[in-house]
Amino acid sequence: MAGRTTSRHAGDTKSRILDAAETLFIDCGYEAMSLRQITSRAEVNLAAVNYHFGSKESLIHSMLSRRLDRLNEERVKLLDRFDQMLGERLTCEHVLGAMFIPALRLSRDPRVGGKAFLRLLGRAYTDPSAFIRDFLNAHYASVAVRFFDAFQRALPHLPREELGWRLHFAIGALSGVLAGADTESLIAEFSQGKSMNDLQLIARLASLMVAALKAPLPDASQLAMFAAVLGDATDTDAEADADSDASTATAAQNSQHATNDAANEAHRDADDSASSSASRGNPGMSAASAHVHTHAHTPAHASLDGESRGSAIETCPLQQVWHGAT
């Protein structure tokens, strides 16, 4: 009896640690969460984390695996079923359905995360940490290949590279939405308070992604149009830079003029003071005014910092979120 109690207690401790890590990961991301935060939230000591997992990295592996392993198993199982049913008639809608339906089903089950499941999914595929990316790539690469091949069969008109880009963009955008804390409130707002079942949600989601995936490749006229847009944007940027340079030059000239005016005013004041002292026959004041007079003729120099610091837009390589989502 005591052995069973100890085992149950150990299982509860492990679950609390996993639950705490999951919540912090959803809210903060991998890099911002610490073992101290996890132990505090789970109400355990660091020794318990070390005993059950050994390290933060091992803990996060276990936390992701307990949700994503089952998800991807269900996805592959449903895709296999569609393949057997349809064969060469497999459609893009069916492949997308195999991706989304298991995720929605699991999000309705409180035993496997419930409402937080979709947010966990979104965070996992948008987290910028190389550690998370490497984990997804290593553990779910075969699933990614399986779904990519299915999309290729359903969309034979798309070159492999183009299909890769479209899936990359579409699933990356979807993951960003799922990771947000306000997704449910937005759905309620868009639906004007009306309830939305899984069928309606999947239909809306799939219709958008199917349109993006099935869109024809850009033709010469479209490429020319976007080239013109880029050209106009470049011209606008050049004009803005020219205006900025002109404003900087004008400001520098005004600053120099102000400095020169101040120096001339000081010169005139010194001359007036010297003349006044000389007329009163005060040698001490004459000597002082001569000193001021000498320095007043020294050219004044204005120090201008001409360095213009532009804002650099730092672009990060887009993640391969497709790997885990498939």
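Tutor: Angles under 35 degrees count as roughly parallel, over 145 as roughly antiparallel, 65 to 115 as roughly perpendicular, and the rest as oblique. This is a predicted model, in which local features need pLDDT of at least 70 and side-chain atom pairs count only at pLDDT 80 or more, while totals for chains, interfaces and linings use all residues. Residues are numbered from 1 along each chain as its sequence is written, and side-chain values use heavy atoms, with hydrogens and water left out.

Student: At what angle do H6 and helix H8 pack?

Tutor: Helices are DSSP runs (H or I, at least four residues), numbered from the N terminus. Axes are lines fitted to C-alpha atoms over the stretch in contact, and angles run from 0 to 180 degrees between N-to-C directions. H6 and H8 (residues 160-179) pack at about 130°, their axes 7 Å apart, and are therefore oblique to each other.

Student: Which residues of H8 make the contact?

Tutor: Contact means heavy atoms within 4.5 Å. H8 contributes Gly-172, Ser-175, Gly-176, Leu-178 and Ala-179; the H6 residues include Leu-118, Leu-121 and Tyr-125.

Student: What about H5 and H6?

Tutor: H5 (residues 92-107) packs with H6 (residues 116-126) at about 135°, again with axes 7 Å apart, so this pair is oblique too. Ala-103, Leu-104, Leu-106 and Ser-107 of H5 meet Phe-117, Leu-118 and Leu-121 of H6.

Student: Where does UniProt list a "DNA-binding region"?

Tutor: The unreviewed entry gives residues 34-53. That span is 75% helix and 0% strand, and its end C-alpha atoms lie 14 Å apart.

Note on methods. Helix = DSSP H or I, 4+ residues; strand = E, 2+ residues; numbered from the N terminus. UniProt positions renumbered as here; feature names shortened; annotations may be inferred.
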